[in-house]
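Subject: Structure handover

Hello,

Here is the structure I promised you. Please open it and keep it beside this email while you read.

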Amino acid sequence: MEALNLNPTTTPKSCLPKTYFLKAPLLPCTFKPKFSPHNCQIHRRSFKKTPFSLTTACKLKTPQDNKKNNTKSNKIAKQIILSEGEPPPLAEESGGAGGSEEAPAKLGSGSGVMGLVKRLPRRILSVLSYLPLAIGEMFAIAGLMALGTFIDQGEAPDFYFDKYPESNPVLGIFTWRWVLTLGFDHMFTSPIFLALLALLGASLMACTYTTQIPLVKVARRWNFLQSSEAINKQEFSESLPRASIQDLGVVLMGAGYEVFLKGPSLYAFRGLAGRFAPIGVHLAMLLIMVGGTLSATGSFKGTVTVPQGLNFVIGDVMGPIGFLSKPTEAFNTEVHVNRFYMTYYDSGEVSQFYTDLSLLDLEGKEVLRKTISVNNPLRYGGITIYQTDWSISALQVLKDNEGPFNLAVAPLKINGDKKLYGTFLPVGDVNSPDVKGISMLARDLQSIVLYDQEGKFAGIRRPSSKLPIEIDGTKVVIVDAIGSSGLDLKTDPGVPVVYAGFGALMLTTCISFLSHSQIWAIQDGTAVIVGGKTNRAKGEFPEEMNRLLDRVPELVNSSLSRQSDSIVG
Amino acid sequence: MIFSTLEHILTHISFSIVSIVITIHLITLLVDEIVGLYDSSEKGMIVTFFCITGLLVTRWVCLGHLPLSDLYESLIFLSWSFSIIHMIPYFKKHKNHLSAITAPSAIFTQGFATSGLLTEMHQSEILVPALQSHWLMMHVSMMVLSYAALLCGSLLSLALLVITFRKFRRIFSKGNNLVLVNESFYFGEIQYVNERNNVLRNTSISSQNYYRYQLIQQLDRWSYRIISLGFIFLTVGILSGAVWANEAWGSYWNWDPKETWAFITWTVFAIYLHIRTNKIFESINSAIVASMGFLIIWICYFGVNLLGIGLHSYGSFTLTSY
């Protein structure tokens, strides 16, 4: 029989591999043929597995089942959308959460205490992994977050009394009582929001455990479909007259499929990673949640405004955020601001802020020196120092060549966001009740505007120019403008965890885009019946299949009869 | 000076070409589809693509940083993304319904960007301290790409909804251009009319339902595919933004309004993807979620910037808010 098939006139394209394939149903040999063009292998399924092991999985997707479920799904979907439409999305949600606890309780009362203990975890799992619940949680979280951006956060209670008065409630019901009792004035740390996040985390875990992992186990099995009806029921099906299933196998391998052959039936799949990845997405989300919790409970934060040339000790500035916050050795480090300066564009706008920092240990020895700027923080011993703000602390002024005097500068409140600083140089008798003098205003460290005793504009001087200006007989030289640097300090033990979660999330989301495609085929006499389905790229799949099936060579008559013989025999 | 002139020329060329392309689209809708015209509209989109690319490159060279620092530039980038999404199927020889969505979207963003509304912002030449980072390119380009992809996907879903809910459709007669100026579902309407036209030409009335079903399925699949792509971009964009925030603002998550809305967008499209995975939900439900997503993207993209709140208000940027 092999000699027959080796005849080159019968199967001109791939005669050699074919002979090996045909051996498969006859001799259970473990010999795997290697194909040089693709260097991939055909796997043979062991005979131990029952052939119908997975027909149930395929049956799930039949149209009859869909119809049955339609009425139910309609209701669920409507509920969810309705709940989103109502102003306080919490009400139903807390109800839903309560329901999840009630359900197992009811069941327990029926079947005794032991039954309750045994069934409770499973019951909770199944409730948590119920997809509509998870979707409801996500909607509720999204709704709360949206609400959190509309309600001003972190104001004093008086603010909410004014903004949401009981006499004139927003949407008829929404007053400050809602805001304050539900904690919407600090939405993103409010118990309701955090509880919802925790519930979502629980749902994530439950779903991964009860739904995703079994799905992957199913997908990993090679299941052959034995009847052409089963294959025709697939989302894509096609019948190839005068073809051989081995040729199809080779073509599919060329397209990157893993191909398994058993007798007259073929199973091939591609993109299994696309099935695994959603698990990874869920785990990455959990990792981020864990990291976030760690950040919220174990951080230190501090803000300080230090004039150029002064010092501060890190531990004095930092305050703990959560109950897990533990100070470290590095908190004893002293920080010295060597210099604070800005660089400017030609148009006069600030281009960057720089602070030259020295870190000194307990003995006063410099351990680190770095110039930080926005986007370029300093990291030392788990502490990060950010450049976040600035102000002007003093002006150094020569008055009639005396001095230099340091004039303290005060921030002035004006309309708009731009900063403005001012100071005052008294002229004449300082002790008189109506002392007059020269006013100086500055928007940045670059130029100072001077006004005379009557408040009239006198001139502009740059600290760098050392150019004197004479106002009402007083000669003033502005020697320097001393800035102070606004620094944010923090330690955050959650960052490595969160970053790991970020990396995993990016990777797994990308992999999730891969489509898990499965193809079944069966040799039915001279024809090959091919069916397939895919879980994501449903639009492209038929096109791709048609392209692949076009490549399957059509057999001439003489070889066909022999082939079908050989398969039967 | 030469740069600004070049920029001006390119802006106007791209805008006028997109308008011509739209006109051609309308003509092919109203009159019989002329193959030559369809071809030229495709070529027009390619020319537009190169014009907008040129525009972005000139701005890049001229300013010395990636042109993504304010609303105007991000709008230009958005229309560039639309034209890229338009081009990909063209090169892969897929004939699909995306073009009916992407071309009008491109003209709207381009038109809005060049219109008088934002003229004062064209001249923004400086990069504020907080934006001087390599993350700018990664974060903003990913975000805008994801907006473009998600907008396309949710518009396809909107079209699906329009088609599904129009049980009693008025009979489309050639020359009845009233249909086209239907305000609310403009894109969906174009899509719908386009397809109706094809259906009318290709088939008899009896098989209409079959074609309608097929069209709905195709819209569904394409919107799913493009939304998943946009979702990837959105994920990468948000996460790179978080990493950047940890470098610049001292925390990877600040609950800043823009961040929050990006997260809301992410959540809504995550819901969409989950609804899709489950067979018990119909495609209508996912389409409704996707159309909600459409609104939310606009709030995220424009609403927050127009209000000028939070740390992301670079459109009206001032020193103190860095």
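A definition first: the expected span of a helix is 1.5 Å times one less than its number of residues. Also keep in mind that this is a predicted model.

Now apply that rule to α6(A). This helix has 20 residues. From its first C-alpha to its last it reaches 29 Å, close to the 28 Å expected.

Is α6(A) largely enclosed or largely open? It is largely enclosed by the rest of the structure, because 15 of its 20 residues are buried. A residue counts as buried here if 20 or more other C-beta atoms lie within 10 Å of its own.

Next, the contact between the two chains. Chain A gives 49 residues to it, and chain B gives 46 residues. Which parts of chain A supply at least two residues each? They are the helices α4 (63-85), α6 (131-150) and α14 (495-512), plus the strands β9 (350-360), β12 (383-399) and β20 (474-491). The largest share on the chain A side comes from α6(A), with 11 residues. By type, that side of chain A divides into 26 nonpolar, 13 polar and 10 charged residues.

Then look at the cores. In soluble globular proteins, nonpolar side chains tend to be buried together. The largest nonpolar core here holds 136 residues. Six of them touch the most other members: Met138(A), Tyr147(B), Ala148(B), Val268(B), Phe269(B) and Ile271(B). Helix α5 of chain B (residues 135-165) provides the largest share of this core, 19 residues. Another core of 27 residues lies apart from it; Ala243(A), Met253(A), Tyr267(A) and Val528(A) are among its members.

Take a closer look at Ala148(B). Leaving out residues up to four places away in sequence, Ala148(B) touches Leu78(B), Ser81(B), Phe82(B) and Ile85(B).

Last, a sheet in chain A. Five strands form an open sheet, in the order β14-β15-β16-β17-β18, with antiparallel pairing. Which strands sit at the edges? They are β14 (410-411) and β18 (457-461), and each pairs on one side only.

- β14(A) and β15(A) pair over two bridges. Ala410(A) stands opposite Gly422(A) in β15(A).
- β15 (residues 421-427) and β16 (residues 436-442) of chain A pair over seven bridges. In β16(A), Met440(A) is the bridge partner of Thr423(A), and Ala442(A) is the bridge partner of Tyr421(A).

Best wishes

Terms used. Residues numbered from 1 in each chain as written. Chains lettered and ligands numbered in written order. Predicted model: local features only at pLDDT ≥ 70, side-chain atom pairs only at ≥ 80, totals over all residues. Contact = placed C-beta atoms within 7 Å. Helix = DSSP H or I, 4+ residues; strand = E, 2+ residues; numbered from the N terminus. Nonpolar A, V, L, I, M, F, W, Y, C, P; charged D, E, K, R; others polar. Core = buried A, V, L, I, M, F, W, Y, C linked by C-beta atoms within 7 Å. Buried ≥ 20, exposed ≤ 12 C-beta atoms within 10 Å, placed from the backbone. Pairing = 2+ DSSP bridges.
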